[in-house]
Amino acid sequence: MATEKTFYLETFGCQMNAHDSEKVIGTLQQQGYRQVETEEEAGLILYNTCSIRDKAEQKVFHRLNDYKALHKAGKRFGVLGCVAQQEGEKIFEKAPFVSLVSGSASYRKLPEMIARLEAGENRITGLDDRQIEETFETEFTARQNPYRGYITIIEGCDKFCSYCVVPYTRGKERSRTSSSVLAEARRIADLGYTEIQLLGQNVNSYRDPEGKMSFADLLDSVGRVPGIRRVRFTTSHPRDFTCDIVQAIDTNPALCDHVHLPVQSGSARVLKRMAREYTPDWYLERIEWIKSARRTISLSTDIIVGFPGETEDDFIQTMDLLAKVQYDCVFAFKYSARPNTPALVMIDSIPEKEKATRLQVLLDRQREIQRVNYAMHIGEQMEVMVEGQNPARGQIAGRSSQNKAVNFTCAQPIAPAPGSYMQVKITAAHPNSLVGESI
Ligand code: 5AD
Ligand code: SF4
């Protein structure tokens with residue numbers, strides 16, 4: 001009897017990577033592979049990697065190192081995703097036991113690459129860069145999340161922010177047709193999913209190749225697919241953020257009342273050096289559109305501290321922007337110099353310690369903002385989608401339409417299933433979560 005083909009896959013990085021992994025898993029299953037839970041059990045060990053910051057990249061090499069002894073037991077290793085695309089064949093030098101290196105733009109060639117691997121070939125590469133014209137889609141996507149269905153609507157990036165690897169790791173911007181996105185949304189709804197998250201590095205830079213729909217039209221149409229109750233989208237670029245997105249959220253209750261709009265810095269000078277192509281005033285105008293909607297739309301953002309040449313005054317301007325916008329959530333990072341990027345020639349002048357101090361000051365201030373924002377929900381009743389349970393605390397964990405974590409108690413003897421919706425009255429608040437009881 002032939003030995004069973006098994007694989008282990010670990011994913012690092014963003015939701016795009018999480019969703020790519022769903023496609024990779026489906027493709028491998030189609031090739032007769034079974035997914036297993038640990039490296040030890042697997043014949044093929046795959047890491048789907050992230051290279052957005054140096055730390056993320058180092059994690060991959062640590063992981064490879066931790067398990068390299070398994071090579072002697074006959075196991076094969078593959079590196080997928082952004083580090084694979086960025087480092088290419090250099091990975092074979094750093095980790096000679098790796099047999100397969102493939103960037104995301106080459107996943108359509110996975111069946112062929114896997115066949116070569118099975119034939120005993122080593123050093124197989126899939127390293128398409130900015131030439132690819134289409135996103136990789138497969139009918140075999142093995143959805144891992146039982147309640148949130150991801151759909152890629154646009155891949156790659158043409159923005160070339162001076163600090164960012166993504167245009168090099170994920171290739172040029174390419175959108176899917178609105179017909180194929182809507183067909184997938186209907187398929188997901190038929191499978192019983194009620195929440196859809198539309199994905200793209202710059203989701204709102206979407207351009208329908210069929211010319212039928214704007215991004216806002218597509219958002220609205222996905223929200224009208226029968227059975228779909230919640231639609232999220234991530235990540236938006238301020239440059240392409242248009243008023244009609246706010247109008248769509250305002251008029252279609254299935255669209256979640258949350259916008260993630262990365263600002264990166266509150267200083268016009270730094271934004272210019274980052275090549276973000278907007279000023280703080282221009283950004284704040286978009287925030288004003290969102291804030292003047294009829295629904296209360298929750299805001300979150302990404303910020304980089306310690307970008308080369310960021311002065312104390314630049315940093316204070318970022319703090320001022322936080323105070324003005326009053327975000328519900330901020331993802332803040334210390335600048336990390338990345339290969340190939342234009343910012344590499346700028347001197348990374350802020351000492352690590354100073355970057356860490358700025359990050360901490362920012363996070364402390366943001367925590368206070370969230371303390372106030374979250375407390376404002378006390379007494380409100382909201383719809384929560386159940387995501388899981390915390391039996392130790394006797395609480396159900398879920399998420400509001402605004403994407404806030406809600407932990408609540410429930411009088412029912414049987415805990416509600418993940419993916420179900422509950423009405424919850426909010427009784428207490430923390431800076432990162434709400435507490436309540438179901439009604
Ligand atoms: N250093 C630090 N943070 C970065 N990001 C992207 N590139 C870098 C970098 N070189 C952050 C940005 C982006 C988020 C996904 O990661 O804030 O929005
Ligand atoms: Fe990381 Fe960016 Fe690649 Fe996502 S697209 S995995 S964030 S480098």
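Good morning. Let me begin with the shell around ligand 1: its residues comprise five nonpolar, two polar and four charged ones. Please keep in mind that the model is predicted.

Which residues surround ligand 1? They are I52, R53, Y163, Q264, D302, I304, F333, K334, Y335, S336 and R338. Two strands each contribute at least two residues to this shell, namely β13, spanning 298–305, and β14, spanning 329–334.

I now turn to individual contacts. On the side-chain side, D302 places a polar atom 2.6 Å from an oxygen atom of ligand 1. The backbone also takes part: in Y163, a backbone N or O atom is found 3.0 Å from a nitrogen atom of the ligand. For S336, a polar backbone atom lies 2.8 Å from a nitrogen atom of ligand 1. How much of the ligand's accessible area does the protein cover? Taken on its own, ligand 1 has 400 Å² of accessible area, and the protein covers 86% of it.

How many cavities of 30 Å³ or more does the structure hold? There is one. The largest cavity contains about 30 Å³ of space. Its lining is formed by D20, K23, T135, F136, E137, T152 and E155. Sorted by class, that lining consists of one nonpolar, two polar and four charged residues.

To close, I would return to the ligand: D302 approaches an oxygen atom of ligand 1 through its side chain, while S336 approaches a nitrogen atom through its backbone. Thank you for your attention.

Notes: Residues numbered from 1 in each chain as written. Chains lettered and ligands numbered in written order. Predicted model: local features only at pLDDT ≥ 70, side-chain atom pairs only at ≥ 80, totals over all residues. Heavy atoms only, no water. Near = heavy atom within 4 Å. Polar contact = N/O pair within 3.5 Å; in protein donor to acceptor, adjacent residues only side chain to side chain. Areas by Shrake-Rupley, 256 points an atom, 1.4 Å probe, with all protein chains shown as cover. Helix = DSSP H or I, 4+ residues; strand = E, 2+ residues; numbered from the N terminus. Nonpolar A, V, L, I, M, F, W, Y, C, P; charged D, E, K, R; others polar. 1 Å grid on protein atoms, 1.4 Å probe; cavity = no way out; pocket = protein on both sides within 12 Å on 5 of 7 lines; lining within 4 Å. Points joined across faces, edges and corners; volume = space filled by probe spheres on them.
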